[in-house]
Amino acid sequence: MARIAPISRRTVNSALLCALTARCASNGLVDKDLPQPKPPAPQAAVTPPTVTPAPPPPAPPPILPFDEAVTNATHAVLTAAPAPEATPAMVVIDPLVDGITGYQSSATQSIQARIVGLMKKDFPQYAAQPITSQSLRQQPRFLIGTFTPINAELKPVGQRESYWFCLVMGDLKTGKIVAKSVARARMEDVDATPVAAFGDSPIWTEDPSIQAYITTCKGSKVGDPIRPEYLDGLLAAALVSEAGNAYQEGHYAEALDLYRTARESPAGEQLRVYSGVYLSLTKLGRTDEAAAAFGDLVDYGLRRKRLAVKFLFRPGSIRFVRDSSFSGSYDMWIHQVATRAVADQVCLQVTGHTSPSGTAALNDRLSLLRAEYIQSRLETDQAALAKRILAAGMGSRENLIGTGRDDASDMLDRRVELKPIVPCTEGSRA
């Protein structure tokens with residue numbers, strides 16, 4: 001039960017009439033020769049303090065066509081920002097991401113391209129530049145943004161109905177947030193397909209570097225200092241951005257070198273770095289090195305206490321898809337997960353997830369069956385895991401994307417998550 005704070009009361013001390021100390025005549029009349037008490041002064045009325053009601057929260061921005069939403073948000077930020085000291089002022093764009101998963105997508109790339117075009121057309125005082133180690137040395141202004149599917153209550157849960165766009169400008173010279181805007185875009189206008197470096201990634205888990213980016217965008221207001229955890233990761237972010245571009249262009253050796261360089265930087269302990277090394281080695285056909293790199297990915301997820309693996313199942317089935325471009329490495333993935341779990345002496349909770357299409361009861365059952373299938377594969381690979389794995393099904397209750405499109409854009413909703421149970425005791429086991 002919530003504790004109710006005591007209401008403050010003012011104690012009003014009123015003067016009491018003096019008791020008549022005068023001698024009374026035997027007839028009961030007051031002796032008029034004695035001084036009579038003065039009547040009390042009238043007590044002033046106590047006026048309660050005026051309570052000003054809190055202003056209602058601002059109305060959410062309207063849902064607009066995608067291009068209009070992006071245009072409005074960009075104009076709002078670039079107009080509200082203080083005029084730069086010299087023109088054209090450099091503005092570095094740290095690639096925009098999904099506000100939950102941290103993924104870059106066709107939509108976030110389209111937003112970035114539109115921002116650059118609007119700067120050239122309407123804001124010649126700014127010159128947009130990609131994020132690189134060289135551009136960061138000049139302490140420019142920067143833009144970051146998140147693009148997040150939300151429901152009717154503006155929350156990233158349940159059935160999503162629109163996209164929430166947050167755009168923030170910071171100034172590395174002053175260390176301050178200098179402008180911010182928000183907008184909403186129509187769901188049907190958005191292509192949320194992840195770009196190659198994210199769509200190909202086999203594993204997802206929460207990443208502190210991505211969370212620092214997202215929090216800096218969503219949780220900051222104008223005048224706030226730039227969050228130090230975001231600043232600390234800027235050099236690694238520049239290297240990762242260059243590596244992702246190289247990977248998308250098919251320059252896998254260059255991408256591998258950049259990812260490995262990022263790994264050696266102070267903030268290089270990142271999921272997208274480990275994933276990039278694995279993907280680049282896979283594309284280069286260096287199978288044994290790729291398997292070891294996948295094991296590093298697994299270790300990273302187990303350290304983070306959450307490892308979402310993108311096993312792609314056939315619709316309504318517990319069988320993997322036949323397309324070898326998706327499922328060709330699944331045996332190796334399972335072997336690496338099982339081997340690392342045994343080496344770390346952990347028990348595992350294996351949880352299946354589905355997209356929101358289909359009935360809730362069917363999704364619950366299907367997600368459990370998929371988790372039990374992965375459980376059986378892990379136990380077959382490593383007998384030491386027998387009775388050390390719990391299987392569960394969450395249906396679509398923990399969707400990260402939630403659009404229900406059942407395509408590459410929401411593949412992460414059809415994941416299987418593995419969480420270590422520590423300590424691994426008899427009570428933890430099935």
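Which residues are buried in α1?

## Helix α1

Phe66, Ala69, Val70, Thr71, Ala73, Thr74, Val77 and Leu78 are buried in α1, where buried means under 20% relative accessible area, exposed over 50%, and partly exposed in between (1.4 Å probe, protein chains only). An α-helix has 3.6 residues a turn, so residues three or four places apart point the same way. The cover over the buried residues of α1 includes β1 (63–64), α2 (106–122), β3 (126–130), β4 (141–150), β5 (162–171) and β6 (176–186). Helix α1 covers residues 66–80; at 1.5 Å a residue its 15 residues should span 21 Å, and the end C-alpha atoms are 21 Å apart, which agrees. The expected span of a helix is 1.5 Å times one less than its number of residues.

## Basis of the values

This is a predicted model, in which local features need pLDDT of at least 70 and side-chain atom pairs count only at pLDDT 80 or more, while totals for chains, interfaces and linings use all residues. Residues are numbered from 1 along each chain as its sequence is written, and side-chain values use heavy atoms, with hydrogens and water left out. Helices (H or I, at least four residues) and strands (E, at least two) are DSSP runs, numbered from the N terminus.

## The five-stranded sheet

An open sheet of 5 strands runs in the order β7-β8-β11-β9-β10, with mixed pairing. β7 (203–204) and β10 stand at the edges with a single partner strand each, so one side of each has no neighbour in the sheet. Two strands pair if DSSP finds at least two bridges between them.

Strand β9 (residues 347–352) pairs with strand β10 (residues 389–393) in the parallel sense over 5 bridges; here Gly352 stands opposite Gly393 in β10. β9, helix α13 (residues 360–381) and β10 form a right-handed β-α-β unit. A crossover is right-handed if, with the strands pointing away from the viewer, the path from the first strand over the helix to the second runs clockwise.

## Strand β11

Strand β11 (residues 416–421) pairs with β9 in the antiparallel sense over 6 bridges. Cys347 stands opposite Ile421 in β11, and the bridge partner of Val350 in β11 is Leu418. β11 also pairs with β8 in the antiparallel sense, over 3 bridges, and here Glu417 of β11 is the bridge partner of Ala308. Of the 6 residues of β11, 5 are buried, so the strand is largely enclosed by the rest of the structure.

## Salt bridges

The count of salt bridges is 17, a salt bridge being a side-chain nitrogen of Lys or Arg within 4 Å of a carboxyl oxygen of Asp or Glu. Glu417 forms one with Arg306, the closest N and O atoms being 2.9 Å apart. This pair links distant parts of the chain, 111 residues apart: Glu417 is in strand β11, and Arg306 is in the loop between α10 (287–303) and β8 (307–309). Glu417 counts as buried at 1% relative accessibility, and Arg306 counts as buried at 13%.

Arg414 forms a salt bridge with Asp406, with closest N and O atoms 3.7 Å apart, and another with Asp410, with closest N and O atoms 3.0 Å apart. Asp406 is partly exposed, with a relative accessible area of 37%. Arg414 is buried at 14% relative accessibility, and Asp410 is buried at 0%. Salt bridges that share partners join Glu206, Arg306, Arg415 and Glu417 into one network.

## Gln270

Gln270 lies in the loop between α8 (252–263) and α9 (271–283). Gln270 is buried, with a relative accessible area of 1%. A polar atom of the Gln270 side chain lies 2.9 Å from the backbone oxygen of Ala267, and a polar contact of 2.6 Å joins the side chains of Gln270 and Arg272. A polar contact is a pair of N or O atoms within 3.5 Å; within protein, one must be able to donate a hydrogen and the other to accept it, and residues adjacent in sequence count only if both atoms are side-chain atoms.

Leaving aside neighbours within four places in sequence, Gln270 is in contact (heavy atoms within 4.5 Å) with Asp207, Ser209, Ala236, Val240 and Tyr300.
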